Amino acid sequence: MRSLRIPRGRRLLALVAIFAVAIIFVIRLADVQLVSAAALNADARDKRAVPVTIPSVRGDILDRNDSVLASTDELYDVQLSPKNTRINGGKFYRQEVDGGIGTVEVTNAEAYAEIGEITGQSADEIAKIVDDALENDPKSDFAYVTRSVDLTQLNRLKELMIPWLTFESHHERSFPNGAVAGNLIGFSGYGEEPQSGVELSQDACLTGKDGQEEYERSEDGVPLPGSVVVTEQAEDGGDVKLSIDRDLNWQAQQIINEQVEEVSAEWGYLVIMDVRTGELVAVAEDGSVDPNDVSASDPAKRESRSFVSPYEPGSTFKAVTAAALIDQGLADPSTQQLTPGQWEPEPGVRFGDATAHGEERWTLNGIMVNSSNVGISMLGDRLDSATLYDYITKFGVGESTHAGMPLEDSGMLFPADQWDRQTSYNIRFGQGVSTTIVQTAGIYQAIANGGERIPPTLVESCTKPDGTVTKPDHGDPVQAISGETAGTMMHVLESVANESWVKDHVSIPGYRIAGKTGTAEQSDGQGGYRSDYVSSFAGIFPADDPQYVAVASVAFPANPENGGLAATAAFREAAEATIRTFHIPPSSGKYDPLPVNY
């Protein structure tokens, strides 16, 4: 029998081939395990890892006492993977609960019913969500079951251990005090998107930075235990502190709402300001928006009208003209002026006082007490327009406030060289110029504060989670008039509160009051004026130790004669509420009368 022998060359060739293949495998193994390991691991992780956003928490809005005005609630969206509901023939296995051993089979229909019992949906509704998603895309991996369930519902859903059910948290703003300061706080849309108020203006402070995590899941969508990795930490937003007092603001809102309703007025505003700091401790408007239910509010009353809706102030503005005269040394409270009821200083220019009267022998103080348009204009002739304009701007009129709202109107003030002849007289008694109620409060704050106007403050600070505190720039103080002039004006304004028709309407036992009324015509939007009025009262208390200013305005009541009564009543009630809130001690000393007539 002949033996088979393999030629030596073939054996060598086979060995070479085997060796070459081995080298290839070694190289490939080295590439997989060493050279390309990171890239391959990342690719594999990308295919099985599920990225999840870690939402940051939006900061709170607080009042001056750290009471919460706006906060964030964590809610949860319930989601499912339509394609994964079809795995295993539309069923899955769940570990026995309540002490049972082993697993039980759960069909989709049973799962839909269990989910719906918690979310308030029917099993058919949830089945339709799945069917619709798969009809549009047979590979659909995402559909909402419902949105914004609370923590209790979330935990019950998790206990069902349904593998194709997932959850994602999101945040929604809540406003625990309803409409209290709603005009200031503003409101947000879905997902905390700011739309107005402090929510919008202070968004940079309130907004945090979302984080990121990821977990790995099996083919049927079940998260793999221990696979969660945080790739970026979330940074929460900061807290914004306001100058307002929540409880006082609530009282102010009740006061102005009641007065507006009482006289059937179109609107009403009420502002209370700290004399020494310029802080707004209450900013109230009738019908303020409830940020929890924006759609239920009048669209015209959703913004903070105290900052964005200027109006002609009328006689409260006479304090500016009187202060300018006194500061320039052109008049003093006893300066005499024979005052007729009507005046035509030059051809085509004519105006009069609200009440018909003959020639009256009034002092400057008497002109303020009787709120004479003619008298203040006649004395105002001693001021040139440029000088008066300069005083008006130093009192903050014609420039936007920067209290902390997203928009703050500057009011209407034309340069002096653009005043026509009628305007040059009208502006002396508060017509032909417009201010926001916050600007009017600023005028009286300056008079009460020794002549120094401190820009109004609404937003006090932003405090980040790490404790860093920043304060916004509201502007620099301005010396509008001298301290001596301010003291004289306080005496005049106290005379108004004690000698004019308002005496019995604004007096508070034990407290000296200073202030001025205002009744003003308003534009009809067609080049003329309406036949009804905005009535105001701007007051300072206590007059002997000025601490707070309160300004109330009531617009277009059904009976025009009731506007002044409503404004003075609102002031008195606001002053009493402020005295209680801040425990202001009674006045010392007595009012010293000034001459009204000569």
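## A walk through the predicted model

I27 sits in helix α1, residues 8-35, and counts as exposed because its relative accessibility is 54%. The cut-offs are simple: buried is under 20% relative accessible area, exposed is over 50%, and partly exposed is in between (1.4 Å probe, protein chains only).

A quick word on the ground rules. This is a predicted model, so local features need pLDDT of at least 70 and side-chain atom pairs count only at pLDDT 80 or more, while totals for chains, interfaces and linings use all residues. Residues are numbered from 1 along each chain as its sequence is written, and side-chain values use heavy atoms, with hydrogens and water left out. Helices (H or I, at least four residues) and strands (E, at least two) are DSSP runs, numbered from the N terminus.

Now find the open sheet of 5 strands, ordered β12-β11-β23-β22-β21 with antiparallel pairing. Two strands pair if DSSP finds at least two bridges between them. At the edges stand β12 (280-285) and β21 (514-523); each has a single partner strand, so one side of each is left without a neighbour in the sheet. From one strand to the next, the twist averages 10°. Inside the sheet, β22 (residues 529-541) and β23 (residues 548-555) run antiparallel and are joined by 8 bridges, and S535 stands opposite V554 in β23. Helix α16 (residues 437-448) lies across β11 (267-274), β12, β21, β22 and β23, and runs at about 35° to β11. For angles like that one, axes are lines fitted to C-alpha atoms (for helices, over the stretch in contact), and the angles run from 0 to 180 degrees between N-to-C directions.

What about helix α11, residues 318-327? Of its 10 residues, 9 are buried, so α11 is largely enclosed by the rest of the structure. Among the buried ones are K318, T321 and I326. The buried residues of α11 pack against α12 (364-369), α13 (373-380), α14 (385-394), α16, α17 (483-499) and β21, with contact meaning heavy atoms within 4.5 Å. After α11 comes G329, with a positive phi near 75°.

On to the charges: the whole structure holds 23 salt bridges, each a side-chain nitrogen of Lys or Arg within 4 Å of a carboxyl oxygen of Asp or Glu. In one of them, R147 joins D77, with the closest N and O atoms 3.7 Å apart. That pair links distant parts of the chain, 70 residues apart: R147 is in strand β6 (residues 143-149) and D77 in strand β3 (residues 68-80). R147 is partly exposed at 39% relative accessible area, whereas D77 is buried at 2%.

R86 forms another salt bridge, with D131, at 3.1 Å between the closest N and O atoms. Here R86 is in the loop between β3 and β4 (91-95) and D131 is in helix α4 (residues 123-136), 45 residues apart. R86 is partly exposed at 42%, and D131 is partly exposed at 40%.
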